[in-house]
Structures are given as C-alpha cells and as structure tokens.
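Here's a quick briefing on the model below.

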Amino acid sequence: MSNSKKQPSKPVEDVEVDVSDDDSDLDDGQELSLVITALQSAVDKKHTSTAPAAAPAPVSTAAPATDEDEETELFFEQPSSPIPSHAAPPTSADASEPDDAEKHAKDTQDAADGEQNIDPPSPGTPPPRSRQSEDIDAEFSANLISIESIKLKNMRANTLTPRQQERADEPVLRAVRHLFNNRFMRAKKLFERYSQFEPLHALGLGSMAFMKAIMSADEKEIKNAIKVLTTTYGLANAQVDVATSNSVVSYVTNYYNHIKYSRGASNGSGLATGKKPLSRRKMEKEGVDFYPNGVLRAHVAKAECCLQMAILYLLQENVMGYIKCGLNIRRAYVSYSLVWQEYKRMGQEYNDFIDRDTVSGIQFGIGAVHLILSSLPEKILRVVSAFGWTADRNLGIALLKICVEDGRIRSPMASLMLLAYYTVLTSFCPQILGDEYTQPAIEALLEAQRTYPNSAFFLYFAGRTSRLARNLTLSTQSFTYGIEISKNEWAEIEVMHLYSYEIGFNHMMQLEWAEAGKLFDMLYKEKYWSPAIFRYLQGACLDMMGQRTEAILAFAEVPDLVGAKVSSTAMMENYVVRKVKTLQVSGYQDMDMSACALEYLCLYNAFDFMTENQLHQCLTLIERAQSHIVDAEQVEFGIRTRELLPQTPVPEYYNQRAAILLIKSCIQNAMGAYRDSIIHLNWIMDNKEKIKDDKWIIPFTYWEAGVVSCGLGNKKRALTFWETALKYGKYDFEYRLAMRINLAMVKIKEELAKLEKAKRNMSDDEDEDDDDDDDDDDDMQDALDEPEMDDDDLRLTDDRENLPASSEGNADAPQSQPAEQPAKQEAESAAEKIAVNDAQEKKTDAQEKAN
C-alpha cells in the first residue's frame, strides 16, 4: 500500500501517529564510552604476557544521521489495522499546528537541554543531570505499569502487509530507543498509546515491567510483571484466534502444530525442519499460502511473553519456579517453531511475506531459549523437563548476534541477553570462563554504545564486565554513572537500589568495610530486596571493622526481619538466619572463629575478582580466625588433662574449621597457589561426616577440588570431582552451585574434545619413526585416558611433591617435571648402548673386508 492520502479503490482514513514531540534518540553523554575505553585498556594490560587481542573498533559517540525526529504519518486502511479508529490520535487536519513562537520556544528549550548534558572529561563522579519531561502528560506519569482491561471480543484481525507493518511499528522502535537511552517515561507513553489493541505495544510495557522486576527482586513487582505479560499473551492469542477462527481446519492445524513442536524436532536442535525453502517460481506455480504476517507477528509476541515469564520463574531458584519456567519455555517454543518453519519455507523471498521485526523476534527468541537451556545443569533440566533435544549454545549466540546487527526493536534486548551470559553467568565460575568471555563482553558493549551511549542498562553490564577484569574501581564508576543518569525517571529507585548493592559488593571485595556497611544500612532502611540479608551484611562489615558490639546488635535483629518469601531470597535468608542462630548458641563467643563477610564473598565466588594484595589481606584474616580455633581447642584439651570428667564438652569445631579452611582454599586458588590448598580440602573431605550444620561446605569443597585439579592440568579428574559434587542435594545454594558446575564442565569437555580431535589428526599424519611425535601422542593420551575413581578414592594428591627445590614454590611448574630426570637418564643410557653396538658392527665389517 503506498503512502498516499487517497486510494481510489477503498475509503481511507488518515491517521497520524504523533511522535514528533520527542527529542533525538541519542544523548551527548559519553559515560559508557569512557568506561569501555578504560575497560579495554585494563584488559590489554592484563594480557600483556600473551598475544595482543585485536584492537576494538573506534568508539563513536556522535549521533548518527536519522530522520526519525521528523513528523511521521501512518495510514491504516480499514479493516487492516487492529487499532479501532476511536483510539487513533487526531489527524493532521484536526490537530492545531503550533505557531512560529511556540516552535522557537521549543528550539530554545532543546538547546538549553543540550547544554545541561555535560560529559565528564574522564571517569570520575558524573555531574548531576536535569531531565526535562515537558512532553509527558499527567496520565502517563505513574510509575506503575499496567494494561487496562481488554475486550477480547472486540479484537480485530491484523492484515497489514509486512512493509505497512514496519511503518506502523515505528513508534514502538522509537519507544525502545527512548527506553534504552534512559527516557523511560517517554517510552512508557508511547507503549501505552495502543497497548489495549496492539500486542507489540503491550509487549513493550510487559518488557518494562519485566526489567523492573529483575532489578527490584520484589515479589510485588514480579507478580505485576507476570500479570502484564499474561495480559499481553491473551491479547496476542486473541489476535491469532480472530485471524484463524474461520475454519475447523485451522483449529486442527494449530493443535497439531502444538503437539508437533512441543516435542521438538528430529534433528536434535529443537528447530522445526519442515519442508525445503520454496522458490518464487514454485510459489507462483503451486499457489503456496503462508500464515499472514499479522498471525506470525502475534505468535512471536506470545512466545516472547512466555520467555520473559520463564526467566522470572527461573530466577526464583526453587522447584516450583523451575516447573513453571519449563511450562512457559515449552509454550514459547511452540510459537517460535511455527514461525521459524514458515520463515524457512519462504526461502530467499521471506521479505515479501514477513516484516523485519518479526524475523528479528524469531532470532532473539530461539537464540535466547538455546542460550538459557544450555546454561542449565541436568539437575535443573530434569525439573524443567522442557524438551527432548539438546540446546546449542553456539547457535543461540549466533542468532542473538544477528538480531543485534539488525538494529530493530529486539536488538537491545538481544544485547542484554548476550551480556548477561558473558558477565552474570561467567561470574559463577570466573576461574574457567573469565578469560574467554571478557573480550566478547567488551565487544558487545562497544556495539551497544554506538546506539545507546548513556544507557543505564548497559552501564550495569559495563560494571559487571569491569569486575570480571579485576578492575573494581572502574566497576564502581560504571554503577555510579548508572545511578546518576537515571534520576528523575521511571525505575529511578530500582536502579539506585540494584546499583548501590553492586557498589557495596565491590567495597567488600576491596575490603572497604565502612563504605560497604553504610550502603547496606541504607538498603536495609529502604527495605530493598531483603532487610534481613542487608542487616546481616551490615553486621558482618561491622565485625570486620572490629566493632563487635554493634555487629552483635545487628545480628540480633536478623531473625525478626525474615518474611514469608518463595523466591531465591528465602534461600539466602535461611542461610543468614542459621548463621546468626549458630553464633547465638555460643553467646557470640565464637565470632572470632568465623569470618561472615569473607564467607559471603566465598559463596559468590568473589575472590577471583580481587587483586593479589587484597587476597593476601584476606588470607591474613582467615589465618587469624584459624588460630582462634586452635587456641580454643588447646584450652579445652588442657582442662581435660587436669580434671576427670570436666563439665566442658569435648571440643568439636568441625563446622567452624571446615568453613575457614574452605575459604582459605578459595583464596589460595584465586592466587594460583593450588598446591597449598590441597591439604585443607583433603581435611574437609576426610571429616565430611562430622560436619553437621553447614551442609553446603562439602559440595563446595568438591567444586574447589575440581578447580585445583583443573589448575594443575588434570582436567579429567576435575570432571570427576564436579560430578561427585552434583550427587549431593538439599543444601543451601544447591541449584546455584549446580549451574556453576555445569558451565565449567561444558567448557572443560569442549577442551578435552578438541584434544581428542587433535590426537586423531596427529595419529593419521604421524611418522612411526618420529620419536617426538610419539612423545606428544603419549602426553595427549595421558590427558584423555586418566583412570576413573570411586567416591572413596576422591582425594587431592600433590602430584609434584618430588619437585626439585628450585621449583618448590612455583605453582605453575608443569606436572611432568618430576619424571624428566629418569626419562632423560634412560634415553642417554639407550643412546650409549646403540653407539656401542654401532661401533662393534663397524669394527666387524672392517675386519671382514680386510680378510
């Protein structure tokens, strides 16, 4: 349909969507650019001893040329548009044009706004920003996101062509750009305009509620997000029903597709293979019909609602949440698979039958599902019970990258999904994945920065990426920027709370206990997330500062602050309450034998983000607590040497010593001193039956044992330790540790598979007389064919205890070094024998010739 104001065939109603009142999509700020530049420099310095990485693309903060600020007119031909005529904004003929004075006043105000966007010359405390919101009406100013009741019976079919649909979706694209440039209320205004009639507009509101629920971790926000997404799902489903309810055949086809796609595909990837792509000639010859674009678009909206609800349930980290997550992922993939098969049937001519945003929606959805499921361990997948096929992580990453490059409505969400995998999931096991995914995270940030230079969302992931690179100062800067540029906007409080927690966590890793305690006290008073957890963290920081009385008073409040929760918050609250009650049993006399703050860092694998100096300070603190345990045992055993049947019980500090030794091992592993942690981990495994209270210590010990084995090059045995850890259940942080182990095992198995493939290639081309090749082949075979062990044999051994004195303290010395001297002596002895035999043979030959 051409964009003319007259159509001779049908009556046309002129509809103008007012999007010209918004400012440019890009701000002048350079916060994200400065953070990325500093982060890349830090990573380059970290890898100076290795081959230099490819130079990143130059950072550009200039706004690209765009005509989106011009007034846009959209013309809907009835009954093509699902939007009723009474809901459309007034046409240009009815709207009053602003006079020259008003235009001049607006231009003057825009110039003033530009002057207020001051860029800091270098990473530091950003200047306060003043946001103008004159284009936001009072009716759109509420922070609560909701969709009013929808009359599904009045739903109209969407029969717009793909090009017409792309034109009609321009306001949604503008709203997305507003959302990721921190103009949240303007985005909310545009989404709300047609949220009762258009699934994509309603999905925009649902996505905003989804992100707010993720940031706040509040039960009310999560329930509201699920409510909005459920309403959006119903809206999209109604649009599908309206378009396909004209025959019984359509109903039967939809039911068949649901059964077919919910069971996955025979190719093992979960993608529907269906028929081969059709050519243009075959389409015209056979008169092939595809689902209308409006139906495919509604299916993608349905699937995305289910995907976001699945993520919300997944983050609850409990069995019921995993079951609901699986149900929603299954529903999502049914719709995604249907649209994917239609998209593949269209072949090279897909552009004529489907709009760009629906295509990018398929890429985003299928990529996200594969990436999420590939990250889940078997323990969770059994509960989720989503599919009968294996998720493909590489396929997921590839599809998400294609979606990002397309630059359409789903592109920023695809960037967030990639960054969440690169940073948040990598932080579960930075020992294994940190070096591999830090650079891809920087590249994803660079790509996002070109379009969204100030986005608070991307600044969050810049902070997480900086933490992976062990640059905690830069990480804190990123979170501080995000707080400042989100002021006076929607979700200001949620952004401040989440980023303040991350800053407080950074302060803990930097051993700045006073600053961390102040932030946790603020979050406790504002009742963010869990007051019990933040009171506990404040008490832990006070204890590290030596303020024992204040710490005890803070701990005493924790049990009374616990609320009835069903999410992952309840798991953490149960842990802190049990820790406090354990301290209360001894009247807080055993506080010197524990290190609550360092134990919290241990649970979140934070030692790998700290500098060498900070790790040495932590090691000193742990050794001090360990000495207190030894002193207490000596005192109590001394009493038993002087008195018969003394009143004091037999000293049993197994729980305290196990926790301290586990923390000590984590610190030593983070420092690369793997051999030093072997004796501590062996003590825990030897006394695992005596550890009664903190059951989580035992599986976490097996995790660290795997880290030690991996660090010493014994990757096959590392897998054995991690598999043993997965056998334990019903302990704190069970599913979190399972996800950590799964990520590490997938990585190690990939490396072993590459070794095996290289071995096969070498065996095909090797020369049987080449001794060097034989030696390399034997070494590789040793790495692959290590003996399996029973649970009773799972003990760490120092395979290099016979090292010469010169390498005694070198944790990076190769394992094969103890065997070098015997092997060398045998080789020299064999060479001497061969030389003697050769000399004798030559002498014999000479004598025969002489005769």
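Which two side chains meet in a salt bridge at 3.3 Å, N to O? They belong to Lys487 and Glu484, where a salt bridge is a side-chain nitrogen of Lys or Arg within 4 Å of a carboxyl oxygen of Asp or Glu. Keep in mind that this is a predicted model, so local features need pLDDT of at least 70, side-chain atom pairs count only at pLDDT 80 or more, and totals for chains, interfaces and linings use all residues. Residues are numbered from 1 along each chain as its sequence is written, and side-chain values use heavy atoms, with hydrogens and water left out.

**Overall picture**

- The protein chain has 32 helices and two strands; these are DSSP runs numbered from the N terminus (helices: H or I, at least four residues; strands: E, at least two).
- Of the 851 residues in the chain, 54% are buried. Buried means under 20% relative accessible area, exposed means over 50%, and partly exposed is in between (1.4 Å probe, protein chains only).
- Taking contacts between residues at least 6 apart in sequence, 76% join residues at least 24 apart; a contact means heavy atoms within 4.5 Å.

**Salt bridges**

- The count comes to 32 salt bridges.
- Arg408 pairs with Glu170, with the closest N and O atoms 4.0 Å apart. This pair links distant parts of the chain, 238 residues apart: Arg408 sits in the loop between helix H14 (393-406) and helix H15 (411-425), and Glu170 is in helix H4. Arg408 is buried, at 8% relative accessible area.
- Glu750 and Arg393 form another salt bridge, at 2.7 Å from N to O. They are 357 residues apart, with Glu750 in helix H30 (residues 734-765) and Arg393 in helix H14. Glu750 is partly exposed at 28%, whereas Arg393 counts as buried at 13%.

**Nonpolar core and a covered helix**

- The largest nonpolar core holds 229 residues, and Phe180, Phe607 and Trp722 touch the most other members. Helix H10 (residues 293-314) gives the most to this core, with 15 residues. A nonpolar core here is a set of buried Ala, Val, Leu, Ile, Met, Phe, Trp, Tyr and Cys residues joined through side-chain atoms within 4.5 Å.
- Leaving out residues up to four places away in sequence, Trp722 touches Ile432, Tyr702, Trp703, Gly706, Val707, Ile741, Ala744, Met745 and Ile748.
- Helix H24 (residues 596-603) is mostly covered, with eight of its eight residues buried. Among them are Glu599, Tyr600 and Leu601.
- After H24 comes Asn605, with a positive phi near 55°.

**Cavities**

- A search of the whole structure turns up 10 cavities of 30 Å³ or more. On a 1 Å grid over the protein atoms alone, a cavity is a set of points where a 1.4 Å probe fits but cannot get out, and lining residues have an atom within 4 Å of a point.
- The second largest cavity has a volume of about 140 Å³, volume being the space filled by probe spheres set on the points.
- Its lining has 13 residues, with Val176, Phe191, Gly204, Ser207 and Ile409 nearest the centre of the cavity. Helix H4 (170-179) and helix H6 (199-216) each supply at least two lining residues, and H6 gives the most, with four.

**Loop residues to look at**

- Ala491 has a positive phi of about 65° although it is not a glycine. Ala491 lies in the loop between helix H18 (472-485) and helix H19 (492-509), and is buried at 2%.
- Lys730, another residue other than glycine, has a positive phi near 60°. Lys730 is in the loop between helix H29 (715-726) and H30, and is exposed at 82%.
- Ser530 sits in the loop between helix H20 (513-525) and helix H21 (531-544), and is buried at 0% relative accessibility. Not counting residues up to four places away in sequence, Ser530 touches Thr569 and Glu573.

Notes:
1 Å grid on protein atoms, 1.4 Å probe; cavity = no way out; pocket = protein on both sides within 12 Å on 5 of 7 lines; lining within 4 Å.
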